[in-house]
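Hello,

Here is the structure for your files. My notes follow below it.

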Amino acid sequence: MSIEVRHLTHTYGEGSVLKTVALDDISFTVEPGEFVGIVGHTGSGKSTLVQHLNGLLKPTSGQILIDGQDLNGEKVDRRALRQRIGLVFQYPEYQLFEETVAKDIAFGPKNQGLPADEIDRRVRKAMESVHLDYGKYAEKSPFELSGGQMRRAAIAGVLAMEPEVLILDEPTAGLDPRGRDRILTMLEELRAREHTTILMVSHSMEDMARLASRLLVICEGKLAADGSPRELFSRPGLMSSVGLDIPEAARLCAVLRAKGYDLPADLYRPEELREHLLRLWKEASAC
Amino acid sequence: MLTNLTMGQYYPVDSLVHRLDPRIKLVLTLAFIVSVFLVNSLPGYLLIVGFIFLAARKARVPFRLLLKSIRPLRMILIFTFVLNLFFTAGDQVLLEFWVIRITSESLRQAVFYSLRLVFLVLGTSLLTLTTSPVALSDGLELLLGPLKKIRFPAHELAMMMTIALRFIPTLLDETDRIMKAQMARGADFESGNLIARARAMVPLLVPLFVSAFRRAGDLAMAMESRCYHGGEGRTRFRVLKITRMDWNACLTVVLLIVLIILERTFVPASFPF
């Protein structure tokens with residue numbers, strides 16, 4: 001499933017004193033299988049953008065085409081489309097409401113009108129995907145879980161609809177390093193196994209460095225940059241001009257290069273930096 | 001989605017009326033309500049209209065905005081008017097067919113009762129439009145202060161009111177977000193019969209209650225950790241002071257009431273108005 005955004009503009013409070021342009025003429029296309037990171041400063045319009053992608057917000061002007069079909073067209077069944085494009089909100093654990101974890105995860109598939117055995121299969125699979133043991137947690141109340149587990153249960157609730165595109169708004173916000181790592185690992189596995197297209201909003205450049213195959217940089221409602229992380233992280237001054245960091249590995253690499261070490265300019269992953277440093281160290285100890 | 005809540009919302013401009021002491025404004029609004037009930041003739045209502053107009057001018061509140069506050073009441077207004085029109089007994093028949101009988105008395109009563117309602121709403125809206133919720137609960141607390149002697153929890157009541165008002169926008173935001181999150185999971189809040197719709201509210205209400213309780217707990221903790229222990233011996237950040245302007249405002253309202261009483265006593269109430 002491809003998503004094409006054409007000249008998307010969204011204005012809050014049209015016609016009042018409090019009018020604010022949240023998105024300003026944004027265009028891009030997401031191809032199947034991509035992992036797109038959406039980054040930007042707080043209030044840059046990232047959350048507004050992702051809510052457009054499954055039709056929860058209507059554009060003030062512009063279009064969103066899903067496989068060439070206008071999402072906000074007259075005859076489009078937006079409820080059906082929403083199930084193909086899963087959206088995980090910020091702090092999704094606040095949407096849990098059922099008596100048991102399994103029932104809560106079944107909410108989405110149930111709304112899709114699936115038969116009971118299929119719902120059960122999907123609940124088990126979704127719980128497995130997010131590393132929640134079915135036997136242990138399925139019959140527990142979601143409110144008994146820890147913060148990280150609640151977050152994963154809520155994500156499972158969206159995964160159970162088996163969306164072709166998964167959009168996550170800050171899935172790691174407020175989690176400890178272990179909880180964060182679990183979510184990121186889960187996304188990596190999901191992509192490898194199901195070839196799900198993933199769009200992720202995040203503040204963490206480390207997360208992006210680890211996962212994203214492409215970055216969209218949003219600044220004050222405009223698309224400031226669109227490219228591979230390698231390209232964007234190595235373009236000097238770009239990320240800081242929109243108020244964002246670059247990954248620590250990229251920063252360290254830049255500092256070492258400034259001191260005259262022979263390193264490529266576009267390193268941004270810890271593993272690749274480590275390899276180059278080991279190479280340098282070996283060369284240095286050889287002579 | 002849920003931001004169009006306008007009835008009686010604070011209209012933030014600086015004006016004579018805005019600067020009045022909230023205690024005085026509360027008392028004056030009460031006096032105004034009483035005076036509306038004293039009136040039962042057209043000249044009396046003209047006095048009230050004149051007063052409202054003057055007050056709105058002084059408050060720099062657009063008259064149109066003030067009139068908007070009647071809108072939520074339109075059903076009740078129509079109801080009042082129709083009921084009084086058809087079910088008030090009288091002798092001077094104006095119109096009669098089938099079971100409907102409209103007399104001059106019933107017409108008069110229908111018009112006057114509806115007008116009374118309109119003026120009540122206009123008067124109280126003027127209060128809420130020109131007084132911020134915090135000032136309002138402050139004023140209420142001070143006015144109810146003497147009742148503390150008989151163990152009436154004036155401070156606690158005012159504090160609860162302030163907190164409740166403070167959390168309205170927060171909870172509206174939250175509702176909006178949870179609603180969207182559930183819609184993303186295929187929830188449907190709009191179609192189906194009454195029972196289906198009520199059932200559809202569960203995925204919205206449960207998380208909303210959970211988060212409201214969580215927020216309440218957090219707030220209580222935050223207040224306690226800053227040594228909040230109720231109203232006993234608490235001083236104020238904003239000390240209310242009664243100024244000359246307040247006395248002038250009082251005088252105006254007293255004048256209004258005196259005029260209304262004079263009108264009632266000396267102008268004979270005659271048909272039609």
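Which side chain meets B:Arg19 in a salt bridge? The partner is B:Asp14, at 3.1 Å from N to O. A salt bridge here is a side-chain nitrogen of Lys or Arg within 4 Å of a carboxyl oxygen of Asp or Glu. B:Arg19 is partly exposed, with a relative accessible area of 48%. B:Asp14 is partly exposed too, at 47% relative accessibility. Buried means under 20% relative accessible area, exposed means over 50%, and partly exposed lies in between (1.4 Å probe, protein chains only).

First, the ground rules. This is a predicted model, in which local features need pLDDT of at least 70, side-chain atom pairs count only at pLDDT 80 or more, and totals for chains, interfaces and linings use all residues. Residues are numbered from 1 along each chain as its sequence is written, chains are lettered from A and ligands numbered from 1 in the order in which they are written, and side-chain values use heavy atoms, with hydrogens and water left out.

Salt bridges

Side chains of opposite charge can pair when their charged atoms come close. Over all chains, the search finds 31 salt bridges. One of them joins A:Arg6 to A:Glu4, at 3.1 Å from N to O. A:Arg6 is partly exposed at 37% relative accessible area. A:Glu4 is also partly exposed, at 26%.

Another joins A:Arg121 to A:Glu118, with the closest N and O atoms 2.9 Å apart. Both sit in helix H4 (residues 116-129) of chain A, 3 residues apart, so about one helical turn separates them. Helices (H or I, at least four residues) and strands (E, at least two) are DSSP runs, numbered from the N terminus. A:Arg121 is partly exposed, at 38% relative accessibility.

Aromatic pairs

Rings of Phe, Tyr and Trp (its six-membered ring) pair if their centres lie within 6.5 Å. Planes under 30 degrees apart count as stacked, over 60 as edge-to-face and the rest as tilted. That rule gives 8 aromatic pairs over all chains. In one of them, the ring centres of A:Phe97 and A:Phe107 are 5.0 Å apart and the planes stand at 85°, so the pair is edge-to-face. The pair links distant parts of the chain, 10 residues apart. A:Phe97 is in the loop between strand E6 (85-88) and helix H3 (101-111) of chain A, and A:Phe107 is in that helix. Both residues are buried.

B:Phe53 and B:Phe63 also pair edge-to-face, because their planes are at 65°, with centres 5.1 Å apart. B:Phe53 lies in helix H3 (residues 42-59) of chain B and B:Phe63 in helix H4 (residues 63-68) of chain B, so parts 10 residues apart in sequence are tied together. B:Phe53 is partly exposed at 42% relative accessible area, and B:Phe63 is partly exposed at 30%. In chain B, one aromatic cluster is formed by B:Tyr45, B:Phe112 and B:Phe119.

Charges over rings

A charge sits over a ring if NZ of Lys or CZ of Arg is within 6 Å of the ring centre and within 35 degrees of the ring normal. A:Arg124 lies over the face of A:Tyr134, 4.0 Å from the ring centre. B:Arg166 lies over the face of B:Phe167, at 4.7 Å.

Strands of chain A

Two strands pair if DSSP finds at least two bridges between them. An open sheet of 4 strands runs in the order E2-E1-E4-E5 (chain A), with antiparallel pairing. Strands E2 (20-30) and E5 (69-70) stand at the edges with a single partner strand each, so one side of each has no neighbour in the sheet. Strand E1 (residues 3-12) pairs with E2(A) over 7 bridges, in the antiparallel sense. A:Val5 has A:Phe28 as its bridge partner in E2(A).

E6(A) and strand E7 (residues 165-169) of chain A run parallel, joined by 4 bridges. A:Ile85 has A:Val165 as its bridge partner in E7(A). From E6(A), A:Ile85 and A:Leu87 point one way, while A:Gly86 and A:Val88 point the other way. All four are buried.

Best wishes
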